[in-house]
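Take a look at the model below.

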Amino acid sequence: MSRFLPLLGFGLLVVLFGFGIWWNTQHDQHEIASPLINKPAPAFALPVLGDDTRKVDKQSLLGKPYFLNVFGSWCIECVHEHPVLSSDVKQLGLPLVGFNYKDDPQDATTWLAEHGNPFDVVIVDRDGRAGIDFGVYGAPETFLIDGKGVIRYKHVGPITPEVVVKEIQPALAALAKEGG
Amino acid sequence: MRRLGLLALLCLLPLLAIAQAIQPLPFRDRAEEVRFQKLSTELRCPMCQNETLADSNAPIAHDLRRQVFEMMQAGKSDAEIKAYLVDRYSDFVLYKPPVEPKTWLLWFGPLLVLVVGGLVVFVQVRRRARTARAAPTAAPVNDTEDDW
């Protein structure tokens with residue numbers, strides 16, 4: 001019996017390393033699980049793109065769930081995500097708030113004119129300070145915030161139609177169930 | 001001789017890259033700078049996962065360094081600054097994760113492997129000693145059949 005002990009040890013190592021490979025291909029290694037899920041969104045008051053005199057804050061968005069999409073004209077993945085935002089996400093019927101992250105407002109305006117503007121309103125976080133409060137570390141990132149101002153879901157990286165079906169729709173269904 | 005001097009100077013050139021990588025911050029004194037450097041090597045850049053906040057040139061690392069610096073200037077302790085970042089970016093930002101049930105395997109796993117390995121060796125050595133005692137003359141013959 002003890003003759004097979006080394007083989008058994010080897011087998012266990014194969015299983016361990018195999019699991020490691022499987023695990024790392026299963027999820028995006030750049031994704032950090034946000035500690036802000038199911039916590040109130042941070043307070044913010046940011047100017048509206050193209051109209052610096054107007055500000056949108058957390059209070060004014062309460063009452064109805066909405067998406068907050070972090071984007072920038074400098075962000076390549078945002079271009080890839082853009083058609084999905086404009087169709088799949090837009091069709092979900094929730095307000096879509098653009099969070100223009102660390103961008104030149106002029107560049108952002110040009111970018112939106114070029115690709116189309118799927119957002120109901122775009123707020124500007126020029127220096128990335130509000131982004132830190134949201135735990136943003138890149139773009140694109142998307143938050144689902146419920147009517148009480150609680151962050152219910154976050155996606156790091158571009159949204160794909162698959163993400164909409166597998167993650168966002170179930171999150172919305174859970175929201176609808178509790179009447180939020 | 002002059003050639004050699006020039007060569008030595010050229011060898012110093014890569015140091016410029018270090019000076020360039022991180023934007024200077026207006027520290028009040030040397031102690032504050034040392035504290036900042038120490039703290040930022042204990043924090044991990046969320047974007048470029050294998051770099052410290054001190055080493056990384058990613059935009060988010062730049063912003064977080066600024067944040068850490070400003071909190072230091074505001075008189076916050078290292079623990080408060082770490083807690084601030086953990087609240088937003090999770091334990092991920094700490095190069096040294098806290099000891100808690102979730103990380104027990106991480107912290108004590110190596111010890112566990114050592115104990116299991118030691119146990120295997122102990123049992124094996126004792127068994128060998130016993131067979132050697134039981135049949136001292138037959139031992140060399142047995143050896144060729146041994147598993148190890």
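This is a predicted model: local features need pLDDT of at least 70, side-chain atom pairs count only at pLDDT 80 or more; totals for chains, interfaces and linings use all residues.

Residues are numbered from 1 along each chain as its sequence is written, and chains are lettered from A and ligands numbered from 1 in the order in which they are written.

Start with strand 4 of chain A, residues 96-101. Strands are DSSP runs of E with at least two residues, helices are runs of H or I with at least four, and both are numbered from the N terminus. Of the 6 residues in strand 4 of chain A, 5 are buried (20 or more other C-beta atoms within 10 Å of the residue's own, with C-beta atoms placed from the backbone).

Strand 4 of chain A pairs with strand 3 of chain A, residues 66-71, through 5 bridges (pairing takes at least two DSSP bridges). The two run parallel. Here Leu68(A) faces Val97(A). The chain gets from strand 3 to strand 4 of chain A by way of helix 2, residues 76-89, in a right-handed β-α-β crossover. Right-handed means that, with the strands pointing away from the viewer, the path from the first strand over the helix to the second runs clockwise.

Strand 5 of chain A, residues 121-125, also runs parallel to strand 4 of chain A, joined by 5 bridges. Tyr101(A) stands opposite Asp125(A). With helix 3 of chain A, residues 105-115, strands 4 and 5 of chain A form a right-handed β-α-β unit.

Now the contact: 14 residues come from chain B and 15 from chain A (C-beta atoms, placed from the backbone, within 7 Å). On the chain B side, helix 4 gives the most, with 5 residues.

Key. A residue is buried if 20 or more other C-beta atoms lie within 10 Å of its own, exposed if 12 or fewer, and partly exposed in between; C-beta atoms are placed from the backbone. Two residues are in contact if their C-beta atoms, placed from the backbone, lie within 7 Å.
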